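Let's take a walk through this structure together, one step at a time. Have a look at it first, and then we'll start where the chains meet.

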Amino acid sequence: MIDWFTTVAQVVNFLILVALLRYFLYGRVISVMQQREKHIAERWAEAERQREAAQQELAAAEKQRRQLEERRAELLEAIRREVDAYRQQLMGDVRRQVDQQRQQWLEALAADRDALLRGFQRTVMDQVNTIARRALQSLADVELEQQIVRCFFAQLDALSDAERKAIRQMILEGDGELTVETTFELKPETRRAIEQKLGHLIAQQVGKGSDGKNLAGGLEVDFTQRPDLICGLALRTTSYRIGWSLADYLEDIQRDLQRVLDQELQALGGQRERPEVALVGDGRTSGGEQGS
Amino acid sequence: MKWASTNTDCPLRKAYMMDIQTLSPDEVVLWQWGPIKLNYTIAYTWLVMVGLTLWAWLATRRLRVEPEISGWQNLLEIVVGTIDQQIREVAHGAADRFLPLIGTLFLFIATSNLLAIVPGFHPPTASLSTTTALALCVLVAVPVYGIASRGLLGYMKLYLEPTPLMLPFNVIGELSRTLALAVRLFGNMMSGAKIAAILLAVMPLFFPVLMHVMGLLTGLIQAYIFSILALVYIASATQRNGQDNDSSHLQQEGSSHG
């Protein structure tokens, strides 16, 4: 069965084949495979290294991006604040200007109104005054003045002690110069009656004082005519004046009228100056919400 | 020098004559000069050798290191890589020393067995002389690798284990497993070839195709068993005590196959 020559030949053949394949096949293929594995390992390591580098760069870029984002947000916030402040300032300016203009306008209006009312008032008063004056002038005469003098005496008599003292003091301070103003020429007996009455008044007082006699003797009464009194009598020293006349009454009326009209005007002006409508709306809230 | 003859002078006729009566391709002698003769076994062995060498040479001419490789190189690398991996699994690393021997055993046997499907091809592995030669190679390789790995004394001590009483049995085991290697491969291949020849004579259609497919499978399995057993023998002779268990386990497994 076993051909020993063939067996030996086959052993030799096999050994030759081992040598051939070892040279042509295993060495080369294994070497190539090892090289490739090494190559792949190197590339893998390189890829790993690059991946790590890329990740680091990514992290750095991410960080930078976040910083930029934050910086941008800060800048935006700052700009928004600045714009808000500027807008507030502008709004304030505009509001102030509008208020100011409104105030000026209101003031001008009030001034116009006041001027109109004053003119009107003055006209009314002048008219009333003129009418009264004309009426009284046409009524006034000497008889009426006599009546007024009597009335003046009655007033003097009705004076209290303090008032008398004040009049006396007034006369004393006037250095004895005393002027009686009337509208019409007084009769001499009327003048005498007045001098007597005044002298009597002072004497009454002086009787109680120290230097009354000297004064009573030197009392000089000067009588003058003043048509603008309309009808009446006034007692005047250098610094004081008392009396009763229709002109005084008219002046009192005019003063009262003036006062009442002024009060009315003030009340009217106070009502008008109150702001009725807010002219400038507050746009800040809506603007802020849009911006956010 | 003359053409030796059995019955006829024509080689083609001889190929035809290689039939049921002829048990081994050794018997078909093509050329003889004294004791030196060229029979089918040697001739087809040369054919296989030339084919394998040519394939290796052509395929390894333009090897590329880059990952993009040709299909031939891919096949080559799969074959060599698989053998390499098998050796590493059995021998626990150090595959480089065993790869030429074990790899060539596998490639030679597998190629011979697979080419049996080609009409007119007579696998040299169906000759007991060839399988004996291969088994002898393994028989010699075991002590060579063992002594190279453990030293002479270290290797010799393996025959005295577990006790010196086991020495005869170890020697007998060594010889018998070599015999088993040779006879297992021969028996399988010879029977495959004979069954194919017989079936061709009895039932020429369809059924031989099935048998050929089975023959391919058997051929590959035998190549695998032969080379893996050789590897186990060599590995068990070279490895340290701690690793011997795996090898002996595989050895038992391999013995139960053929």
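In this predicted model, the contact between the chains draws on 29 residues from chain A and 37 residues from chain B. What sort of residues does chain A bring to the side that touches chain B? Sorted by class, that side of chain A has 19 nonpolar, 6 polar and 4 charged residues.

Now for each chain on its own. Chain A is 292 residues long, and 14% of them count as buried. Take the contacts in chain A between residues at least 6 apart in sequence: 73% of those join residues at least 24 apart.

Chain B has 9 helices and 2 strands. Its pattern along the sequence goes α-β-β-α-α-α-α-α-α-α-α. Of the 258 residues in chain B, 36% are buried. For contacts in chain B between residues at least 6 apart in sequence, 63% link residues at least 24 apart.

Let's stay in chain B and pick out helix 8 of chain B, which spans residues 207–238. One of its partners is helix 5 of chain B, residues 128–150. The axes of these two helices come within 8 Å and cross at roughly 30 degrees. An angle under 35 degrees counts as roughly parallel, so helix 5 of chain B and helix 8 of chain B run roughly parallel to each other. Their crossing is right-handed. On the helix 5 side of chain B, the residues making the contact include B:Val138, B:Ala141, B:Tyr145 and B:Arg150; on the helix 8 side of chain B, B:Ala230, B:Tyr233 and B:Ile234 are among them. By class, this contact has 9 nonpolar, 3 polar and 1 charged residues.

Helix 8 of chain B also meets helix 7 of chain B. How do their axes sit? The two come within 10 Å and cross at roughly 170 degrees. Angles over 145 degrees count as roughly antiparallel, so helix 7 of chain B and helix 8 of chain B are roughly antiparallel to each other. Among the residues that helix 7 of chain B contributes are B:Leu181, B:Leu185, B:Met189 and B:Ile195, and those from helix 8 of chain B include B:Phe207, B:Met211, B:Phe226 and B:Tyr233.

In soluble globular proteins, nonpolar side chains tend to be buried together. Here, the largest nonpolar core has 62 residues, and B:Ile102 and B:Leu231 have the most contacts inside it. Which elements give two or more residues to this core? They are helix 1 (4–139) of chain A, together with helix 2 (40–61), helix 3 (71–91), helix 4 (95–115), helix 5, helix 7 (167–202) and helix 8 of chain B. The largest share, 12 residues, comes from helix 8 of chain B.

Leaving out residues up to four places away in sequence, B:Ile102 touches B:Ile83, B:Ile87, B:Ser227, B:Ala230 and B:Leu231. Apart from this core lies another one, of 18 residues, including A:Phe152, A:Ile171, A:Leu178 and A:Leu198.

How values were computed. Residues are numbered from 1 along each chain as its sequence is written. Chains are lettered from A and ligands numbered from 1 in the order in which they are written. This is a predicted model: local features need pLDDT of at least 70, side-chain atom pairs count only at pLDDT 80 or more; totals for chains, interfaces and linings use all residues. Two residues are in contact if their C-beta atoms, placed from the backbone, lie within 7 Å. Ala, Val, Leu, Ile, Met, Phe, Trp, Tyr, Cys and Pro count as nonpolar, Asp, Glu, Lys and Arg as charged, and the others, Gly among them, as polar. Axes are lines fitted to C-alpha atoms, for helices over the stretch in contact, and angles run from 0 to 180 degrees between N-to-C directions. Helices (H or I, at least four residues) and strands (E, at least two) are DSSP runs, numbered from the N terminus. Angles under 35 degrees count as roughly parallel, over 145 as roughly antiparallel, 65 to 115 as roughly perpendicular and the rest as oblique. A crossing is left-handed if the near helix is turned anticlockwise from the far one by less than a right angle, and right-handed if clockwise. A nonpolar core is a set of buried Ala, Val, Leu, Ile, Met, Phe, Trp, Tyr and Cys residues joined through C-beta atoms within 7 Å. A residue is buried if 20 or more other C-beta atoms lie within 10 Å of its own, exposed if 12 or fewer, and partly exposed in between; C-beta atoms are placed from the backbone.
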